[in-house]
Amino acid sequence: MHSSKPPLGRPSGRTLGLTLALVSAIAFGGSGTAAKPLIEAGLSPLHVVWLRVTGAAVVLLPLAYRHREAVLRRPGLLIGFGLLAVAGVQACYFAAISRIPVGVALLIEYLGPPLLIGYVRFVQRRPISRGAAIGAGVAVAGLACVVEVWNGLSFDLLGVLFALGAACCQVGYFVLADAGSRGDRPVDPIAVSAYGLLIGSVVLTAFTRPWQADWGKLGGDVVMNGHTLPALLPAAWMVLIATVLAYLTGVVAVRHLSPPVAGVVANLEAVVATVLAWVLLGEHLGLPQVTGGLLVLAGAFAAQASKPAAVEPAGAAQVSGKGGEDVDRAAVPAGATALGERLARAAGAETGEALEKER
């Protein structure tokens, strides 16, 4: 007789996934705080992004070589992850924090899940659950408080637009991280992280022209909330902790959970970043921003935790629309689709065993 519980001393897949997602959120949360002193010292936001991504890609080169077969197995997935989840998210986010506070930029970035729901509802014209719609509305109301729209958008408009761009690219991070585990040719999550950072580095090199930056500033000092420290210290933290550790643990976490669940835990990144910016950078937010931030997080949580609408009974390997046509998989959260596939396979296995016994 076998027990379904994991052996003592060994965490279950979900427990491991939640732990890794928490580590990833905390690691990601320190990126803006480490980067801002470098930007204020004279490096452009794009050059800081290039330093972060390229430094991490170099660190992960041995892992990329070890998983080189992934390039032939799922090239489109790796390219998409590099463009959206690495280059897109980082470039937009760092451009945003050069114009608006770190905490505000991250709170806007976490409008990603409601944006995905809006795309499904109004562009693909697919049904969504009431909880998802309410969560999206709450998050948008929170954004209005964060940017204080009643004062004529007191925050820099371009900075807000950059943060919204990061929110759009963040959707790709969770969807593509999960997609790598599905299909006939799954890709190791370490390979997704390593090649995503490598591809992102190549793309950013073409656009940022790093040879024009004054890298001598890394040998000097930077100021963080009135305190002077070597520039290499926040640079090393940004590369090793906020990028290498954050991406590796984050992608693996999505495989053990699902994009919606991993996204819920990732919301803690905004809290970590806001607290660190408050303590280390002296960026104090007013009551409207704090209230709006809580609404954004609550709305994102509700939107991601809600169940998808108009899904057929469990056991179906696919979701069907009118006339028996297959509904676009993008209309259903990737985590729900993967779960449906696993349930279908399990149901098929049980049916096969029952028929075998009858014979």
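## A walk through a helical model

V290 is partly exposed, with a relative accessibility of 35% (buried means under 20% relative accessible area, exposed over 50%, and partly exposed in between, with a 1.4 Å probe and protein chains only). You can find V290 in helix 15 (helices are DSSP runs of H or I with at least four residues, strands are runs of E with at least two, and both are numbered from the N terminus). This is a predicted model, in which local features need pLDDT of at least 70, side-chain atom pairs count only at pLDDT 80 or more, and totals for chains, interfaces and linings use all residues. Residues are numbered from 1 along each chain as its sequence is written, and side-chain values use heavy atoms, with hydrogens and water left out.

V290 also belongs to a nonpolar surface patch of about 830 Å². Patch residues have over 30% relative accessible area and no salt bridge; like charges are joined within 9 Å, and nonpolar side chains (Val, Leu, Ile, Met, Phe, Trp, Tyr) within 5 Å. Areas come from the Shrake-Rupley method with a 1.4 Å probe, and for residues only the protein chains shown count as cover. Which helix gives the most to this patch? Helix 14 does, with six residues. At least two patch residues come from each of helix 1 (13-29), helix 14 (268-281) and helix 15 (287-305).

Helix 1 also holds G17, and this glycine is buried at 0% relative accessibility. G17 and G250 are 233 residues apart along the chain, yet their C-alpha atoms are separated by 8.8 Å.

Now look at helix 6, which runs over residues 75-97 and has 23 residues. From its first C-alpha to its last it reaches 32 Å, close to the expected 33 Å (1.5 Å times one less than the number of residues). Helix 6 has a kink of about 30 degrees centred on G88 (the bend is the angle between axes fitted to the seven residues ending there and the seven starting there). Helix 6 is largely enclosed by the rest of the structure, because 18 of its 23 residues are buried.

Next come the charged pairs. How many salt bridges does a search of the whole structure find? The search finds two (a salt bridge is a side-chain nitrogen of Lys or Arg within 4 Å of a carboxyl oxygen of Asp or Glu). In one of them, the closest N and O atoms of R99 and D156 are 2.8 Å apart. R99 sits in the loop between helix 6 and helix 7 (102-109), and D156 in the loop between helix 9 (130-147) and helix 10 (157-179), so this pair ties together parts 57 residues apart in sequence. K217 and D214 form a salt bridge with their closest N and O atoms 3.7 Å apart. Here is how open these residues are.

| Residue | Class | Relative accessible area |
|---|---|---|
| R99 | partly exposed | 42% |
| D156 | partly exposed | 27% |
| K217 | partly exposed | 29% |
| D214 | partly exposed | 45% |

The strands deserve a visit too. Strand 1 (residues 221-224) pairs with strand 2 (residues 227-230) in the antiparallel sense, over four bridges (strands pair if DSSP finds at least two bridges between them). D221 has P230 in strand 2 as its bridge partner, and V223 stands opposite T228. The two strands make a hairpin with two residues between them, and N225 in the turn has a positive phi of about 55 degrees. In a regular strand the side chains alternate between the two faces of the sheet.

Most residues other than glycine have a negative phi. R209 is not a glycine, yet its phi is positive, at about 50 degrees. R209 lies in the loop between helix 11 (189-208) and strand 1, and R209 is partly exposed at 46% relative accessible area.

One last stop is H67, in the loop between helix 4 (61-66) and helix 5 (70-73). Is H67 buried or exposed? H67 is buried, with a relative accessible area of 11%. The C-alpha atoms of H67 and A191 are separated by 5.7 Å, although these residues are 124 residues apart along the chain.
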